[in-house]
Amino acid sequence: MSVRETIKTLLLKENMTLTELAELVNSELGKPYTIDGLSRKLQRQTMKYNEAEMLINLLGYDIKLIKRSE
């Protein structure tokens with residue numbers, strides 16, 4: 001699953017829009033986030049891991065890495 005799909009899925013679960021997520025970043029972290037910038041990063045798949053982690057964290061989720069059994 002791509003970062004875009006992951007964030008879109010979490011937004012659906014939280015009944016939230018990309019605009020609301022951008023506003024949440026602005027209010028919680030004081031970072032200048034726009035819906036256009038966020039949308040472009042997701043569309044072009046140019047989002048950095050730490051940025052995706054921050055967004056997922058703001059949505060109330062954790063990223064958990066689990067070693068595959070062989």
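Predicted model: local features only at pLDDT ≥ 70, side-chain atom pairs only at ≥ 80, totals over all residues.
## The overall layout

The C-alpha trace spans about 45 × 25 × 20 Å along its principal axes.

The protein has 70 residues, and 26% of them count as buried. Its accessible surface comes to about 5,500 Å², with 48% of that belonging to carbon and sulfur atoms. Among contacts with a separation of 6 or more, 45% link residues 24 or more positions apart.

Nonpolar side chains tend to be buried together in soluble globular proteins. Here, the largest nonpolar core has 17 residues, and I7, L21, Y33, L38, M47 and L55 have the most contacts inside it. The elements giving two or more residues to this core are α1 (3-13), α2 (18-29), α3 (35-44) and α4. The largest share, 5 residues, comes from α2.

Take I7 as a way in: leaving aside residues up to four places away in sequence, I7 touches L21, L42, M47, L55 and I56.

## Helix α4, inside and out

Helix α4 covers residues 49-58 and includes Y49. Its buried residues are E51, A52, M54, L55 and I56, and what covers them includes α1, α2 and α3.

Y49 also has a place on the surface: together with I63 and L65, Y49 forms a nonpolar patch there, with about 350 Å² of accessible area between the three.

How values were computed
Residues numbered from 1 in each chain as written. Heavy atoms only, no water. Patch = residues over 30% accessible without salt bridge, like charges linked within 9 Å, V, L, I, M, F, W, Y side chains within 5 Å. Areas by Shrake-Rupley, 256 points an atom, 1.4 Å probe, with all protein chains shown as cover. Salt bridge = Lys/Arg side-chain N within 4 Å of Asp/Glu carboxyl O. Helix = DSSP H or I, 4+ residues; strand = E, 2+ residues; numbered from the N terminus. Core = buried A, V, L, I, M, F, W, Y, C linked by side-chain atoms within 4.5 Å. Buried < 20%, exposed > 50% of the residue type's maximum accessible area, 1.4 Å probe, protein only. Contact = heavy atoms within 4.5 Å.
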